[in-house]
Amino acid sequence: MATETARRTRLDPSVFRLPVERIRAGYYSDAYFNFTKQLLEEIGRHPRVTMQVFQKKESILGGIDEAIAVLKLCTDWEQLEVHALYEGDEIAPMETVMTIEGDYSLFAHLETVYLGCLARRSLIMRNVREVVEAARGKPILFFPARHDHWLVQTGDGWAAHVAGAIGVSTDAQASWWGGRGVGTVPHALIAAYDGDTVAAAKAYADRFADEMNVTVLVDFENDSVRTAVEVADALGDRLWGVRLDTSERLVDKALWNRMGDFRPTGVNPELVTLVREALDAAGHERVQIVVSGGFDAAKIRRFEQLGAPVDAYGVGSSLVRGENDFTADVVRLEGRPAAKVGRRLNPNPRLELVP
């Protein structure tokens, strides 16, 4: 979770590498905002408004620095007065997270873009924070890159980092804080070694053990207990952890004679316990167990409630699902109330002036 000092430091606008000219031209904007800007400019109308931005859930604020960057780089920033909260702030339903005051014709076309920044990054932050809290302090590895378009990786990785994820899977996701993607020996490499997990793990460790914590997927043969011990025996101190990723359509071989009073498919607490016991019995107490495959906050809570000996959770597609939409309303015009019916100025003393 972000520290107070880090939280009060905004990312420099250059970090976002915005397509400034296209944003200025309205290329990414809803057309009616572009028409509005065009009309106001053509008739010489320059209403000074207060625009108020909010959303409707208990959430974690993300994307605010990117939204500010859009305003700073894509309009006449010196003519605006912007107050905003910070990345990672906890926010209440309907709480104002940003106000923009100035000539509306200057920034009418930017609403689509800055609201989209806030919606996407806050969705990721809220989802990640939920699984972080469910894991009770155990590391969360952010693994949704393959479930979404590659262009969202940089900002999503930053949002996950601020919300408490301990690792991300691509260098792009880690780029805004100068980190590096982390991962495991993949199934594809094991397949390239004729399905021999130990041989693939040895080759991987020979090359990368000095650069990273080596973690090996051990479910390729659907025999995770045996494979985990074999890999640990072969790699010794070069092995940091094993990762269980059994398909929800399969029952691991270790459970075939134990089924009865629990759901045996996929990665489950009973399988994790058997792997832990086998590693410990073989003298590999230091080897960590990472689990992945269909994990969300509810599943993590269940594992924690049952005391499953998990050391880290890899979470993927559930972190990019859902919605966390933001709305922007003009609430004042030339200093007078001007909100549509049902909306009003909602002052927030937590907002700070953005220099």
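1. Among contacts in the protein chain (heavy atoms within 4.5 Å) between residues at least 6 apart in sequence, 73% join residues at least 24 apart. The model is a predicted one, in which local features need pLDDT of at least 70 and side-chain atom pairs count only at pLDDT 80 or more, while totals for chains, interfaces and linings use all residues. Residues are numbered from 1 along each chain as its sequence is written, and side-chain values use heavy atoms, with hydrogens and water left out.

2. Of its 355 residues, 52% count as buried, where buried means under 20% relative accessible area, exposed means over 50%, and partly exposed lies in between, with a 1.4 Å probe and protein chains only. Along the principal axes, the C-alpha atoms fill a box of roughly 80 × 40 × 35 Å.

3. Helix α4 (residues 64-74) is largely enclosed by the rest of the structure, because 9 of its 11 residues are buried. The buried residues of α4 are I64, D65, E66, A67, I68, A69, V70, L71 and C74. They pack against α2 (20-24), β3 (81-84), β5 (98-103), α5 (104-107) and α6.

4. Two packed helices are described by the angle between their axes and the distance between the axes. The axes of α4 and α6 (residues 111-134) come within 8 Å and cross at roughly 170°, so α4 is roughly antiparallel to α6. Here the axes are lines fitted to C-alpha atoms, for helices over the stretch in contact, with angles running from 0 to 180 degrees between N-to-C directions. Angles under 35 degrees count as roughly parallel, over 145 as roughly antiparallel, 65 to 115 as roughly perpendicular and the rest as oblique.

5. At this contact, I64, E66, A67, V70 and L71 of α4 meet V113, Y114, C117, L118 and R121 of α6. The residues of the contact divide into 8 nonpolar, no polar and 2 charged. In this division Ala, Val, Leu, Ile, Met, Phe, Trp, Tyr, Cys and Pro count as nonpolar, Asp, Glu, Lys and Arg as charged, and the others, Gly among them, as polar.

6. P13 lies in the loop between α1 (4-7) and α2. P13 counts as buried because its relative accessible area is 16%. Not counting residues up to four places away in sequence, P13 touches A69, K72 and L73. P13 and I124 are 111 residues apart in sequence, and their C-alpha atoms are 20 Å apart in space.

7. Q52 is found in strand β1 (residues 48-55) and is buried, with a relative accessible area of 4%. The side chain of Q52 makes polar contacts, defined as pairs of N or O atoms within 3.5 Å; within protein, one atom must be able to donate a hydrogen and the other to accept it, and residues adjacent in sequence count only if both atoms are side-chain atoms. This side chain of Q52 reaches the backbone oxygen of R344 at 3.0 Å and the backbone nitrogen of N346 at 2.6 Å. Leaving aside neighbours within four places in sequence, the residues in contact with Q52 include T96, M98, T99, T327, D329, V331 and L345.

8. A search of the whole structure finds 7 aromatic pairs. Rings of Phe, Tyr and Trp (its six-membered ring) pair if their centres lie within 6.5 Å; planes under 30 degrees apart count as stacked, over 60 as edge-to-face and the rest as tilted. One of the pairs is F295 with F303, which is edge-to-face at 5.0 Å centre to centre and 70° between the planes. Both F295 and F303 are buried, and F295, F303 and Y313 form one aromatic cluster.

9. Two loop residues other than glycine have positive phi values. Phi of R136 is near 55°; R136 is found in the loop between α6 and β6 (140-142) and is exposed, with a relative accessible area of 57%. Phi of E334 is near 50°; E334 lies in the loop between β12 (326-333) and β13 (336-337) and counts as partly exposed at 43% relative accessibility.

Note on methods
Helices (H or I, at least four residues) and strands (E, at least two) are DSSP runs, numbered from the N terminus.
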